[in-house]
Structures are given as structure tokens and as C-alpha cells.
Number of protein chains: 2
Amino acid sequence: MYLGAQLFSDEEYASRLQKVRLHMDRQGLSAIVVTDPANIYYLIGYNAWSFYTPQMLFVPIEGEMIFFAREMDANGAHRTTWLPPEQIVGYPESYVQRPHLHPFDWVAWALRQRHQIAPASRAGSVGLEMDSNFFTPKAYRALFNAIPEWKLVDNFELVNWVRLIKSEPEIQLMRQAGMVCSEAMRAAIDTIDVGVRQCDAAAAISQAQITGTDRFGGDYPAIVPMMPTGDAADTPHLTWHQGEFGNDQAVVIELTGAHNRYHCPLARTVSLGDPGKEVDYVAEAVAEGLNNVLDAVKPGVATRELASVWNWTLAKYGLEKPSRLGYSIGIGYPPDWGERTVSIRTEDESILEENMTFHIIAGMWMRGYGYECSESIRVGANGAETFTSFPRELIRK
Amino acid sequence: MYLGAQLFSDEEYASRLQKVRLHMDRQGLSAIVVTDPANIYYLIGYNAWSFYTPQMLFVPIEGEMIFFAREMDANGAHRTTWLPPEQIVGYPESYVQRPHLHPFDWVAWALRQRHQIAPASRAGSVGLEMDSNFFTPKAYRALFNAIPEWKLVDNFELVNWVRLIKSEPEIQLMRQAGMVCSEAMRAAIDTIDVGVRQCDAAAAISQAQITGTDRFGGDYPAIVPMMPTGDAADTPHLTWHQGEFGNDQAVVIELTGAHNRYHCPLARTVSLGDPGKEVDYVAEAVAEGLNNVLDAVKPGVATRELASVWNWTLAKYGLEKPSRLGYSIGIGYPPDWGERTVSIRTEDESILEENMTFHIIAGMWMRGYGYECSESIRVGANGAETFTSFPRELIRK
């Protein structure tokens, strides 16, 4: 192991796999192919910036899992995964980034060599992560062409859904990510000011994110710090530039703390000078809406109920927000810290359960300015636990 | 525009599109669907951390390009792209992360509404980026199901190949990225030491990468700083932890400078105390090999010739390196700063041309230790131009 210690107990990993197999059984799957780096980390602990070349975890409903990665990565995989060496297989370097080959051509052959492919009459349906980043149509076609025995179907984010409810050790890691997040947010608030270059503020935030605290070092964030500023804050995902913050602007800060790949995101808005009365008005509406939503959080409540509470409060102020109010969080790899399962919006059909964790984000992208305020929370038995404790208001400098 | 100025001239963007269309014609394509964020940035300048939800640039062989993104991102796209508003289309929020819908279901319908889909008899072959990281099988199926008129084929990294030879303004940006890179490497060498936490070194590097220089602010790197250390340096892609650097270890540093999304990566190895004679031996072999390779660089030389020069030098020392010696660089988005076209290895069939740019990386992942030394270069008319100027040797502290 890399740090001399396994992050989660053998029992926890066994329980995760058991839950995954329960869902496989319910969905009629004889195996799944896991390609999302967050799902691979969840199941076997493997953690490296190697996901820019194809990798997969093969999970049959019975028998041993096998992890496939590029040879140079497979060589060191034992440093982060508990999987024994015989279940870690490297594909040859000559399959990397070649126009007429794909690593999964080789992987399919290797699965066959290892007798992992049952005859067509018994092979059944194999569930793929059909909408996972880093799983491409070319990878899909490699499997389709080489393993005609398998009926390839969508597993509909099966492992992501198992990740939805966190164990106690996971909650601990998220609280620690929350401590890292608080340091990063303080660095942001301290640094952002009139005349400061955006890149210098981003650099200070990044420094704080990665240093973390004395006890809990920071991990790399799945999304870089965002600072939509002034009239460019009408859209959320522009990254920094080297221009300076001006006076009379509202600067939105959206960042995360990360610790051992667990994420705790947070958004606040800083006002430089006087950004205008509309910002104050939206800030007041958002604070009331967010407080009402957090008051409504408890096990048994429908996520769409949270969305309604939010919409009603906003409507009182004559405002509306067309995008979702939040989403499930936990393990994150670039380019996203969301789990791609529950979204807090009226179309969602989920019911809150204890130890679900969400980023509830009131992002208001208005014409000519923007305002954001958010909380990362755990659904506790008696209500919401926030992972950080910044006041839910416009921060004046 | 976000910074009040377009990064490249109208003529340069027109010339890029023209080259892309020339290749489309040669490959028998009536249109291409561009999903790689680096390719989208190259063609229309659009730049935001929005690629975690599906987006596409539709490029017909004649007529106007259309860019599709999530509504909240499409609203602000005009801040970074020169594309006129009528060619930027947002898909509704209700298509984001829903199990039985995909944004490209909507996009396919929108293309039809806009009369972009010719009758089957004339629609021809449409080239997709079948191995691009953010183009999933589900996205592919959405197009396949909704647009039966199109014959969907692989475009084999068509736009990536057009990016291979850089324009003068691009070379300028890469030199500026080189200046940012030098600051980051200096921060790394200054910070890494016995007793320093890995995360604190990564934080200092990250700070330097993002601050950049007074004139050239840093952009976010497509890959986080890597510091494989001691016996864990037998594998290249592990990220930092919060443990301290020990004595008598070789610490490999692989990082990049980035400026306006152009990248200049660099690797060096720092020795703390006495990591052993093998490291010195490998360092000597690598320096000689790298020098020989750089001496061999000029227009007209085959990339496999560079690989041979490298292999012969290494063989003299009784060493070999199974992985590729380098790859084309330029624009980068997470998770990769490589262009996924030319690799420097014996299987490659490319010939060097002026203003190609490469990361030539001698990464030696040995048993019990590792050593890396690299250069980012431009192929100049008379030989290699390096973008940074650190000595090609083991750095002793």
C-alpha cells in the first residue's frame, strides 16, 4: 500500500461488492464492466491519474474481479488497490493511441484466455457504463466485435447508485474534506480584491486546497476553482484569466475541498465595492430559500419536495432558477465532483435516506451579474449536517 | 469576448476550418461531430469547464458550424467563442443526467429542425471522434437512433491531426507556457526536501503553475503535478499523498506550464541524500540518449528514427524503455496534455515537419526507483528548439 494502510476495511470493500452484485442480480446482469475512475476507486481502491488511457474493472456476478490498465500503470496498481497481483492485468503499450487498435481489443482477448466468457447460451447480459466519461464508442465497439457471446446493455450507473448512501468512514472523509474546503474558502475570501489578478487568486485557492490542514492533506479537486465575476457571472463555468478584479463587482467563488478523493464543494459570493442593489436582493432570497431547504432535509422526504420548497421561496421574491438545485456528492475525479445519480429538481423521484450527501447549490446566473451560495450536507437522522460553517450571505470586503 | 480580445485572428480561425474541411473531403465525410474540448477550442475558441456535460460542435463540409452545449453554458459561450449567437444552441436542463434521456437526443432533433440533415441519398458519411474522452456510447447511440440518414464513421482524430503543425501565434503561446513551466519547475526544486509533506510540495507547484509570470498568467494544467518517489517511482501516474519525502530517495517531478490552454510539460528528477548508484547510471544514460535524440530532430526525419536513436543509446548502457519516448503537444484539457496523434516510437509512421511540437520524455520506471528527464520542443528549420532550459541531469539537493 502506498501509505502503509488501507483506507477502508476489508469488510467495507466486501460490503460494497455485495451491494453491487445485489443490484446486478436485480437488473438481470451476469457481469458489469466498470470504467468510471470513481467507481473503480470505490470498489478496489485503485487511485492514479491513469484514466486518460482506457482501463476497466470486470466484475462478474460470481468469481474474482479483474482490473485491466496500461502496463506501466498495472505495474504500480498494487500500491493503491487491495486486489491481489493475479487480478491486475496490464495491456501492452503498443495498443495505446493507435488509430486501428484499441486496448479493449486486447482486453477482450485476455478475458477469453482467462475463461471469463461463458458460452452464448449462458453468458447473459453484461452491463456497461454507457454514459461514463472515459468510456468511448470505440471502446464499446471493441467489446461488441470481440465478444459476441455477451448481450451488451446499459447498467444505468449501477455502481454510482450504490455509492449514494455513505458509510461512517466515508462520512468521516467528507468531514475532513470539509475542513480542507474551509481553508480554501478562507484563502479565496482573503485574496480576492480589487486590482488582484484572477490567476493569482486562483493560485492562492489552489495552494490552500492542496496543502489542506496539518492533519488532513488536500487532494486534487475534480473541478478547478471557478470565479465568475461581474457581468461574466451570468454563466457558471468560465475559468479564470489574468485580468484584475474590478470595483463594484460581485465575485462568485465555487470551489471544493478534497481528501482521499472525497469532495466537499462550497460556493459563496464576495462583493467588491457596490455591485448594485439587485445582488443584495438575490442574496436575501437565496439565503431564505437555502435555509428553508436545509430545514426541510430529513430521511423520508422526497428530493422533489426540496425543489418545491426552494421554488416557492424564490417565487415570493419574483425569481426562478431553471437549473437543478443540487446533486449527490462523494468520490470525484475530473471533470466532475457529482455522482451522476440524484439531482434535486422537480423531475427527480428519489427519497432522502440517512447518510446521503449532497451539494445544495443556489446558483443564480442573472443578466449582468451572478450570485451563488451553497452547502455540502449529510442527511442526518434528525436533519441536515453541513460540512462547513460559513454564513449564508453576501460577503462584503 | 472575455478578455476584450480574440486570441487568434479571424484569418487563423478560417485557415483552421479550411484545413479541417480539406481533410473531411479526403476522408469522404460530409460533416464531422467534434466533442473533444481541445478540438472545439481550436476551431471556435470556446473555453469553459463545461465538458462534464455533453457538448458538440457540428461542422458540415459547407455552411455554418453550430455549437451545442447545456443551456447555462450556451448562455455565456459568446464570452469565449467568436461564433455568432445564432450558431450557439443550448439544450434544456431537463436533459442533464437523466437515465432514459441524453442531451444528444435533443441535439439530433435540433439539427433536424435547422435543416442540417440532408435526405439519406445525399447525407453521406458523418465522421465522429470515436475515441474522444467525453463522447460516450450513449451519446453515440442517441445520434445513431435519431439520425438514420447519416452513415456514422470514425473520423480518426481528424481535427487532432490538423492541430499537429502549429502556427506562429500558437508557437508564441507555447513559449509563454514554457515560461510558466520554468516557474513551476523552480518551485518544485525549491520546495521538495526531506521532511516536507508531498501535498505541500504539490501545493507550491500548483501555486506557481497558476500564478505564472507577471506577463503571462498561468492556466489550469491538464494533468496535476506528479511526484513519483523512491520505490513508488516504478510507476508514473500515482498522485501525491500527505506523507513526507524521506532521505536517500529520488523524486521524479513531472509537471506542466499552461497558458491559454497551451501546454509545455517538463520532467526532472531530484535526489534527496543518496538514492543509490543505479540512479546516477540511469541519469547518465538518459542524458546521453536525450541529447542524441534532440540532435537528430529536424524536418524530414522520421519519428521512428528518433525512437531508434534513443533505443541504440540506451542499449549501449544495457537499458531499455518499453513505452513511447514522446508525443505531440499543444492545447490540453484534463485528463491529458497530449494531442493523441504522433507518438515517438518505432511503430509510428510520421515524418517531422517544421513547427510540430513534442514532449520528449525519457521516463524510466525501474524496479525500486524511477528516473525521468524530458524536454518540450518545437521542430525548427535547423533543429530542435527547447521551450525551457534546465540542465538535463539529476538535480542534487
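Mentor: Buried area is the accessible area, taken with a 1.4 Å probe, that two parts lose on being put together, summed over both. Please keep in mind that the model before us is a predicted one.

With that definition, the interface can be described. Chain A and chain B bury about 7300 Å² between them, and carbon and sulfur atoms give 56% of that area. The contact takes 79 residues of chain A and 79 residues of chain B.

We turn next to the pairs that meet across this interface. There are 44 residue pairs in polar contact between chain A and chain B, counting pairs in which both residues are at pLDDT 80 or more. The side of chain A that touches chain B draws at least two residues from each of four elements: the helices α3 (71–74), α6 (137–146) and α9 (198–211), and the strand β10 (336–344). Of the elements of chain A, α9(A) gives the most to this side, with 9 residues. Sorted by class, the side of chain A that touches chain B holds 32 nonpolar, 26 polar and 21 charged residues.

Charged residues may also pair across the interface. The rule finds 2 salt bridges between chain A and chain B. A:R79 and B:D234 form a salt bridge, with 3.1 Å between the closest N and O atoms.

The same surface serves both copies, for 100% of the contact residues of chain A recur in chain B.

Where they touch, domain 1 of chain A contributes 18 residues and domain 2 of chain A contributes 15 residues. Between them, the two domains of chain A bury about 1400 Å², with 56% of it on carbon and sulfur atoms. Within domain 1 of chain A, the residues A:Y41, A:N160 and A:W161 lose the most area to domain 2, together 33% of what that side buries.

Domain 1 and domain 2 of chain A are joined by 3 salt bridges. A further salt bridge to examine in chain A is that of the side chains of A:E157 and A:R340, at 3.6 Å from N to O. The side of domain 1 that touches domain 2 receives two or more residues from each of α1 (10–26), α2 (37–44) and α7 (158–162) of chain A. Here α2(A) gives the most, with 4 residues. By class, this side of domain 1 of chain A has 9 nonpolar, 4 polar and 5 charged residues.

Finally, over all chains the structure holds 40 salt bridges. One of them joins the side chains of A:E385 and A:R175, at 2.7 Å from N to O. This pair links distant parts of the chain, 210 residues apart: A:E385 lies in strand β13 (residues 383–386) of chain A, and A:R175 lies in helix α8 (residues 168–191) of chain A.

Note on methods
Residues numbered from 1 in each chain as written. Chains lettered and ligands numbered in written order. Predicted model: local features only at pLDDT ≥ 70, side-chain atom pairs only at ≥ 80, totals over all residues. Heavy atoms only, no water. Contact = heavy atoms within 4.5 Å. Salt bridge = Lys/Arg side-chain N within 4 Å of Asp/Glu carboxyl O. Polar contact = N/O pair within 3.5 Å; in protein donor to acceptor, adjacent residues only side chain to side chain. Nonpolar A, V, L, I, M, F, W, Y, C, P; charged D, E, K, R; others polar.
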